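Dear colleague,

Please find below the structure that I am handing over to you. My notes on what was found in it follow directly after.

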Number of protein chains: 2
Amino acid sequence: MQDWLLESKKIQALDTAWRAKARERLRVQTRPEGSLGVLERLLERLVAIQKKDRPQIARKRILIFAADHGIAAEGVSLYPSDVTRAMVLNFLNGGATINALARGLAAEVRVVDVGVHGDFGADPRLIHAKVRASTRNMLDEPAMTVQEFDQALRTGWDLACAAREDGVELLALGEMGIANTTAASAVIAAITRAPVESVTGRGTGLGPEALAHKIRVIEKALQRHSDCLEDPIKALQCLGGFELAAMTGAMLGAARSGLGVVVDGWIVSASVLAAMRINPQVLDYLFFAHQSEEKGHRFILQAFEAEPILNLSMRLGEASGAALAMGILDAAVRVYNEVATFSEAGVSGRNA
Amino acid sequence: MQDWLLESKKIQALDTAWRAKARERLRVQTRPEGSLGVLERLLERLVAIQKKDRPQIARKRILIFAADHGIAAEGVSLYPSDVTRAMVLNFLNGGATINALARGLAAEVRVVDVGVHGDFGADPRLIHAKVRASTRNMLDEPAMTVQEFDQALRTGWDLACAAREDGVELLALGEMGIANTTAASAVIAAITRAPVESVTGRGTGLGPEALAHKIRVIEKALQRHSDCLEDPIKALQCLGGFELAAMTGAMLGAARSGLGVVVDGWIVSASVLAAMRINPQVLDYLFFAHQSEEKGHRFILQAFEAEPILNLSMRLGEASGAALAMGILDAAVRVYNEVATFSEAGVSGRNA
C-alpha cells in the first residue's frame, strides 16, 4: 500500500469546538442572524481548518497542473495539442486570464509540468515534474502505468505539503491540458456510473457532431477498461491524466496537512471524486469555486453536497473560477475579522 | 412634469459599436470563445457605458440610503426602529459589514440620511438630506406626500450626477431602514400585480406567524391605496420609502449621466422596478449584484432579464451584495485589460 494512501486515511475531521466558535462570532456581529448565507458556512469551515480566532488567507498560492493526453489523437478537442505547451508559456509570461486574476489577488501562480509535450527552460514560476510527455491513448492501453500514476499523484501531494510548510494559507487547484475534459468525463462516468452523455459537455466549444464523437470515444474507453471501473484509483489511472492524478494528490495532501483548498470547475471535480472515494473527509477542506457551464457539473456538485461559491456559466479552467472564488473568500474573511459585534457597536438586538 | 422625469427620458441606448469592439477583444484573448460566460456580457456593457478601449473602475463609491418607515409601528420587523439610526452610526464608525467589504475594495462609503429618526453630527461620510424623520404610516395615508417623494428622488438623482462629476467610475446602491422589506414588497406587489405572499419574505428573519401578519399589513396597504397602483410613480410615493425613492432617482441619474451602477438585492429591486417603468433604457446601466434569499427576488430578476452576478443566499442589504459584486467586476476588468491575445502570445487558435 502506498504511503500517500495510508496518510490519506489520517485526514482529521474538522474541530467542532472551532466550528461553534465561528458560528457564535457570526451570530453576534451587527447583522441579522444568518444573513450572509453561504458565506457563513464557508467561514465556519475555514475557521475550523485554521483553528484561529482570526483566520488569515493573505498568502495564497495557485497551482496549475499541465499535461497532455494521448486521447487527443482521437480528435476530441477543438484545439491542437500544442496549445497546452503554448498556454504554459503564456502562464509563465503572465499573459493568461489566470495571471490577471492572480495579480488582483496578490496570489502566487505556480505552473506544474506533470506531462506536457515539449520542454521548458528554467523559470521560477514553473515546477518541472514531468512524468512523461503526454499520457498514453486510453483506447489502446491505460492512460498511465501504475508507476506513472503514483508519481503524478505524489507530485501533487508533495506540492500541497510544501505549500503548507511555506506558510501558504489558502491553496487553489486548476489545470491546463488539451483533451482533458474527455479524460475528466471518462473518470466521472466510471466512478459515478452515470451515462456518458449526461457527464460529457462541449469542452472548449464543440458542435453537436463533434460532441457525439467525443461521447463515443469515452464509451469505447470505458469498455476497453471495464475491469478498472470498480476502483476509483484504477479508474483514475486508466482513464485520467497526469494533472488529474496530481490534483487528487494535492487535495489529499492539503487536507492531511490542514490546509484549505479552493477547487476550480469540471475537470478538477473528477479529481475530487477520486479523492473523496479514498477518504470522504477530504471534502471538509475543499471550497468549490463555481458551477461551470460544462454539462453534468451541477449533478456532480450535488453529489458532493457542495455549495459552489459562483455560478457564472464559465468553462475556462486554468484555476480561473478558483481565483474569482478566492476573492470572495478574501472578502468573507475580512468581514469575519473586522465587523463589530452588537455590544461593541451599541446596536440593539432583536425585539424580545 | 418634473425635470428629472424629462431628463430620464433622455437616457441613451448603449453604443452598439462599442459593444462590438468589446466582443471582438474578448474573442481574440487567449481563451476558448465565450468561456468567461456571464463576465463577458458584463464587460460588453461596461465598455459600452464607459466608451473606453480599457475600461476603469478603480474609483468606486457606495451610497447607502437610510430612512425610517411609518409602517414599522405595525410590528412588521424583528428589530426596533432605533436600529436604523444605530446602524448608520455603525457605518460611520466603520464597524458594519459594508465597511469591511468596502475597505477590501478601496471603495468610498457615503451614508445618506434621507429620513432617519434622530439627528446626526457632522461627518464627512454622512450626507445630510433628511426629508422627514420617517415616512408616514401607509395604512393611514400615503407614505410620502408628492413633495416629499420628489425631494427624496431628486436627492438620489443629484448624488448620482455628483458622483459622475467627481470622477467615480462605478457606483453601488444599497439601503438601511427597519421595516423597508415591507415597503419594498408593497411596491413590488403593486407594480407587478403579483400576489402579495409571492413577493413577501422573512426580512431580517421573521417566523411564520409574523410573516403572515406582514403579508396582511401589505394587503391592507394595497387596498388603502388602490387608486395609486396603476402608476409606478404613485405606487412608490404611497407605498415606498425615502430610500427607495432616492435609489430610483440615483439609478436614473446615473444612467442619464453615463455611469454604471451596481444594485444590491431585494429592496433595491423595488426601486429598479419603478425606474424601469419610467424608462426601461435604465436597465442597460445596471449590474444586478446578487439573487438574495428574500422570497420573490428570483422572479423579479427574471422580469428584468437580469443575470445576477452572485447567488449566495444573502439577505443583509446595506449594499453588501453590491460590494461583493464590485469585486467580481474588478477582476473582470483586469482580465479584459490585461490578458494577451492569441497573436500576442503566439498561441494557435482552433483547428480549422
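In this predicted model, 51 residues of chain A are in contact (heavy atoms within 4.5 Å) with 51 residues of chain B. The two chains bury about 4400 Å² between them, 61% of it on carbon and sulfur atoms; buried area is the accessible area (1.4 Å probe) that two parts lose on being put together, summed over both.

The rule finds 2 salt bridges across the interface of chain A and chain B, a salt bridge being a side-chain nitrogen of Lys or Arg within 4 Å of a carboxyl oxygen of Asp or Glu. A:R103 and B:E338 meet through their side chains in a salt bridge, at 2.8 Å from N to O. Helices here are DSSP runs (H or I, at least four residues), numbered from the N terminus. On the side of chain A that touches chain B, at least two residues each come from α3 (38-50), α4 (82-92), α5 (97-105), α13 (320-338) and α14 (342-345) of chain A. Of these, α13(A) gives the most, with 6 residues.

Within chain A, domain 1 covers 13-54 + 339-345 and domain 2 covers 60-336, with bounds from an automatic or database domain assignment. Domain 1 of chain A and domain 2 of chain A bury about 1700 Å² between them, 63% of it on carbon and sulfur atoms. A:L42, A:R45 and A:I49 supply 30% of the area that domain 1 buries against domain 2, more than any other three residues. The count between these domains is 1 salt bridge. A:R41 forms a salt bridge with A:E307, with the closest N and O atoms 2.8 Å apart.

Residues are numbered from 1 along each chain as its sequence is written, and chains are lettered from A and ligands numbered from 1 in the order in which they are written. Local features need pLDDT of at least 70, side-chain atom pairs count only at pLDDT 80 or more, and totals for chains, interfaces and linings use all residues, while side-chain values use heavy atoms, with hydrogens and water left out.

With kind regards
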